[in-house]
Amino acid sequence: MASSIEDYALIGDLQTAALVGRDGSIDWLCLPRFDSGACFAALLGDRDNGHWTLAPAPGSGDHPPGTEDVDPAAGATDPPASGAATNNHPTVDSPADNHSPHDAPHTPTPTPAPTPTHCTRRGYLPDTLILETVWETESGSVRVLDFMPQRDQAPDLVRIVEGGRGRVEMHSVLRLRFDYGHVVPWMRRCDGHRVAVAGPDSVWLRSVPQVPTHGRDFSTRSTFTVAAGERVAFVLTWHPSHDPRPTLIDPYEALEHSRADWRAWAAKCTYQGPYRDAVVRSLITLKALTYAPTGGIVAAPTTSLPEEPGGVRNWDYRYCWLRDSTLALGSLIRTGYTEEAAAWRDWLLRAVAGDPADLQIMYGLGGERRLAETELGWLRGYAASAPVRIGNDAVNQLQLDVYGEVIDSLALARTAGLPATATAWSLQCALLEFLAAQWREPDEGLWEVRGPRRHFVHSKVMTWVAADRAVRALERDPTLRGDVERWRAMRDEVHHDVCTRGFDAARGTFTQYYGSTELDAATLLIPRVGFLPPQDPRVVGTVEAVRAELCEDGLLRRYSTSGAPVDGLPGGEAPFVVCSFWLADALQLTGRTEEATALFERLLALRNDVGLLAEEYDARRGRQLGNFPQAFSHIGLVGTALALAGWSEAD
């Protein structure tokens with residue numbers, strides 16, 4: 001089985017991303033885009049589905065080059081390197097155990113006592129997405145720097161090995177499997193490279209300086225030794241198989257450029273309050289989940305990491321959800337990243353253009369609409385959680401809340417002073433007109449249930465948000481076209497409907513849907529969006545009821561999955577991370593700041609050693625679950641940190 005979800009760290013180039021384990025294995029990488037087929041898919045299967053391990057050699061288990069059979073996926077043994085594993089490039093930093101404070105990894109958490117398969121410690125270089133992994137062995141110490149430079153042409157994955165003290169024997173095992181671990185490529189040698197080709201995909205592997213490689217078990221392997229101050233860099237480059245080889249990069253120059261780029265980006269963060277390190281790390285993660293060519297932000301770089309180990313709640317999150325837009329825009333704008341916010345707003349406008357009746361809840365990275373769901377039967381799934389899915393059939397659902405979220409996003413962009421567009425207001429008017437005719441209908445709701453449609457309270461509240469934001473815009477700027485009186489009447493009607501049909505007066509709480517006794521964590525957003533003031537007894541009662549009924553080990557589930565769950569799916573799920581951030585927000589808004597702070601700090605402690613959060617957290621087993629890292633979780637972290645600091649949008 002793959003490592004625990006929390007054992008992974010993220011690297012990426014703003015067009016795709018890879019997951020690197022504590023054992024030095026890259027078990028997930030889709031090329032050339034987030035939503036492309038994976039060439040490393042061990043995360044959802046086993047090592048035969050593709051991985052790249054680079055770590056200290058486990059002992060004498062590997063045969064020396066030239067003694068094993070050659071197979072079509074590996075090719076013949078390369079000639080020995082012409083010299084030792086040294087070069088004339090100056091070292092980027094001092095050895096890992098002699099960092100200057102400026103270059104020390106960002107508060108890395110030491111792992112348990114090192115084992116043959118796990119590193120001693122790891123962390124990101126400060127304010128970057130460059131991962132440093134350190135091993136202390138009996139013979140010496142070594143570190144590996146993993147990163148993906150922002151691409152000019154082709155995607156590159158760079159792994160630099162640096163000797164710290166003594167001498168350490170390293171081994172590399174590259175097992176490429178295209179099309180989600182399904183296709184074994186043909187390997188050949190060319191100009192000092194290993195070249196893998198299968199169908200439309202081609203990958204080139206080289207090392208600087210060159211080290212010997214050999215083939216075994218349909219993999220490409222190398223064993224080499226680094227001493228103090230010596231370095232070896234590996235570069236894996238993808239390109240379409242019908243194109244010539246891309247221009248080669250200098251891995252050491254790419255390291256310097258990548259570090260400078262990330263640090264310059266992080267320095268733009270205007271937030272200077274408490275928990276700043278956690279906020280910056282989450283913002284870097286959100287940036288890493290951005291598809292730079294279009295500005296879209298994926299929900300996560302993975303598919304089918306389970307909400308319940310062994311269960312069927314396994315979904316593809318490598319797409320852009322509209323409901324993320326309001327919170328993502330708010331986080332970016334309030335921390336000084338207006339350029340990214342504008343790019344996300346522009347992606348949104350392009351994606352939703354057209355008939356409002358055709359609005360989808362999610363789109364592809366470039367605004368693609370067809371995201372058909374397919375099951376990959378050859379992958380057994382993470383922790384035997386099948387099926388593994390690509391695509392997402394929820395794209396076809398009716399979720400009325402997204403209309404409110406889109407309109408709220410565009411209203412936020414307008415009030416924040418983002419450059420105006422010619423189509424933004426016209427689009428909002430068209431969406432609101434559609435919503436005015438449809439809001440009385442049931443839908444599948446925020447949580448994308450695969451059961452019957454319901455009159456979800458959150459969907460109706462977001463309908464109110466859509467009308468409210470339009471009315472406010474017209475009140476601020478009477479030159480805008482629109483029927484303010486009709487929209488104001490719609491706003492009032494929706495508000496009355498929700499308060500009458502969606503509120504359980506006997507229990508003093510809003511419910512999940514009309515006529516239901518079930519509760520929903522999404523109702524915690526009622527004061528946040530302005531539907532009711534925080535001190536309203538109905539808000540206070542809802543916070544108390546949701547906390548009492550949906551908390552599990554102090555963390556919040558989305559809704560109940562016991563009995564006959566509303567989502568129409570078997571099995572259960574762990575507490576949903578962003579819902580606990582919403583609870584912290586609600587506690588802070590209702591004047592319970594100490595409780596909100598305590599909950600927030602507990603949530604910070606759930607992050608893994610490099611500051612990343614998945615979709616869910618199983619407190620009983622102490623493990624993260626669901627797709628990873630999850631944009632929604634990190635958006636929630638940023639929003640709650642800013643709220644606790646009193647960092648208003650005006651700041």
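The structure, a predicted model, holds eight cavities of 30 Å³ or more. Rolling a probe the size of a water molecule over the atoms shows where such empty space is left.

The largest cavity has a volume of about 330 Å³. Its lining is made up of 24 residues. Tyr-317, Trp-447, Glu-448, Arg-558 and Glu-615 are the ones that lie nearest the centre of this cavity. By residue type, the lining of the largest cavity divides into twelve nonpolar, two polar and ten charged residues.

The second largest cavity contains about 90 Å³ of space. It is lined by 15 residues, and Arg-194, Leu-205, Ser-207, Val-211 and Thr-213 are the closest to its centre. Three strands, β11 (193-198), β12 (201-208) and β14 (219-227), each supply at least two residues of this lining. The lining of the second largest cavity comprises three nonpolar, eight polar and four charged residues.

From the cavities, turn to the chain around them. The protein chain has 13 helices and 27 strands. Of its 651 residues, 63% count as buried. Among contacts in the chain with a separation of 6 or more, 67% are between residues 24 or more positions apart. The chain exposes about 23,000 Å², and carbon and sulfur atoms supply 52% of that area.

His-239 is found in strand β15, which covers residues 231-240. His-239 has a relative accessible area of 4%, so it counts as buried, the cut-off being under 20%. Which residues is His-239 in contact with, leaving aside its neighbours within four places in sequence? They are Pro-200, Asp-201, Ser-202, Trp-204, Pro-244, Arg-245 and Pro-246. Pro-200 is 39 residues from His-239 along the chain, and the C-alpha atoms of the two are separated by 8.6 Å.

Helix α3 runs over residues 276-288 and has 13 residues. At 1.5 Å a residue α3 should span 18 Å, and its end C-alpha atoms are 18 Å apart, which agrees. Is α3 mostly covered or mostly exposed? It is mostly covered, with eleven of its 13 residues buried. The buried residues of α3 are Ala-278, Val-279, Val-280, Arg-281, Ser-282, Leu-283, Ile-284, Thr-285, Leu-286, Lys-287 and Ala-288. An α-helix has 3.6 residues a turn, so residues three or four places apart point the same way. In α3, the buried set includes Arg-281 and Lys-287 as well as Val-279, Leu-283 and Leu-286.

Note on methods: Residues numbered from 1 in each chain as written. Predicted model: local features only at pLDDT ≥ 70, side-chain atom pairs only at ≥ 80, totals over all residues. Heavy atoms only, no water. 1 Å grid on protein atoms, 1.4 Å probe; cavity = no way out; pocket = protein on both sides within 12 Å on 5 of 7 lines; lining within 4 Å. Points joined across faces, edges and corners; volume = space filled by probe spheres on them. Nonpolar A, V, L, I, M, F, W, Y, C, P; charged D, E, K, R; others polar. Helix = DSSP H or I, 4+ residues; strand = E, 2+ residues; numbered from the N terminus. Expected span 1.5 Å × (residues − 1). Buried < 20%, exposed > 50% of the residue type's maximum accessible area, 1.4 Å probe, protein only. Contact = heavy atoms within 4.5 Å. Areas by Shrake-Rupley, 256 points an atom, 1.4 Å probe, with all protein chains shown as cover.
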